[in-house]
Amino acid sequence: MSSHGAERPDHGSGGGACCAPKEKVCRNADTAALADLFRALGHPVRIGILKEIIQRQEACCGEIVGCLPLAQSTVSQHLQVLKEAGLLTCDIRGRTCSYRINEAFLAGGDAAGLRLLANAASFFNDITAAAQTSSRARERQE
């Protein structure tokens, strides 16, 4: 059996010497929300859409389509993902939707958004600290 499918003592029971219990890691609401945010940011088109909206301060779907080599329906789907993640707001004006950065979410006016962004910052700090520790350990071994 490959190492990916091999039985390990820290899997299955929810505890073990090297891992936190699965319930604390995998089924944690904060972890799930963080994964949803990363999923929303995990596509280069969505990053491009956010950059475009930041530059313009607001934009309708048609304006964004004009900046990207994508169909309107594809851009609309990406906008919906960003909106569902809480990163954008949409003001409906007649037959047009005007998208803006959700300032309340990102500036801390939304408590859940603030906690999510704090968790994201903490996550990246943990990764950076782990990388630095690993790098120092390798330097000592050499």
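1. The largest nonpolar core of this predicted model holds 22 residues. Those that touch the most other members are Ile-49, Ile-53, Ile-64, Val-75, Leu-79, Leu-87 and Leu-88. Two or more residues come from each of helix 2 (29–41), helix 3, helix 4 (61–65), helix 5, strand 3 and helix 7 (111–141). Helix 3 is the element that gives the most to this core, with four residues.

2. Ile-64 deserves a separate remark. When residues up to four places away in sequence are not counted, Ile-64 touches Ile-49, Ile-53, Ala-59, Val-75 and Leu-79. Of these, Ile-49, Ile-53, Val-75 and Leu-79 are themselves listed with Ile-64 among the core residues that touch the most other members.

3. The next point concerns two helices. Helix 3 and helix 5 pack with their axes 10 Å apart, at an angle of about 80 degrees. Because an angle of 65 to 115 degrees counts as roughly perpendicular, helix 3 is described as roughly perpendicular to helix 5.

4. Which residues make the contact between helix 3 and helix 5? Helix 3 contributes Val-45, Arg-46, Ile-49, Leu-50 and Ile-53, while helix 5 contributes Val-75, His-78, Leu-79, Val-81 and Leu-82. By class, the contact has eight nonpolar residues, one polar residue and one charged residue.

5. The model also contains an open sheet of three strands, arranged in the order 1-3-2 with antiparallel pairing. Strand 1 (59–60) and strand 2 (88–93) are the edge strands, and each of them pairs on one side only. Strand 3 (residues 96–101) pairs with strand 2 in the antiparallel sense over six bridges. Within the sheet, Cys-90 stands opposite Tyr-99 of strand 3.

6. Helix 3 (residues 44–56) lies across strand 1, strand 2 and strand 3, and runs at about 90 degrees to strand 3.

7. The last point concerns Asn-102, which lies in the loop between strand 3 and helix 6 (103–107). Is Asn-102 buried or exposed? The relative accessible area of Asn-102 is 16%. Since buried means under 20%, Asn-102 is classed as buried. Leaving aside neighbours within four places in sequence, Asn-102 is in contact with Gly-86, Leu-87, Leu-88 and Thr-89. Two of these contacts, Leu-87 and Leu-88, are also named among the core residues that touch the most other members.

How values were computed: Residues are numbered from 1 along each chain as its sequence is written. This is a predicted model: local features need pLDDT of at least 70, side-chain atom pairs count only at pLDDT 80 or more; totals for chains, interfaces and linings use all residues. Side-chain values use heavy atoms; hydrogens and water are left out. Two strands pair if DSSP finds at least two bridges between them. Contact means heavy atoms within 4.5 Å. Axes are lines fitted to C-alpha atoms, for helices over the stretch in contact, and angles run from 0 to 180 degrees between N-to-C directions. A nonpolar core is a set of buried Ala, Val, Leu, Ile, Met, Phe, Trp, Tyr and Cys residues joined through side-chain atoms within 4.5 Å. Buried means under 20% relative accessible area, exposed over 50%, partly exposed in between (1.4 Å probe, protein chains only). Angles under 35 degrees count as roughly parallel, over 145 as roughly antiparallel, 65 to 115 as roughly perpendicular and the rest as oblique. Ala, Val, Leu, Ile, Met, Phe, Trp, Tyr, Cys and Pro count as nonpolar, Asp, Glu, Lys and Arg as charged, and the others, Gly among them, as polar.
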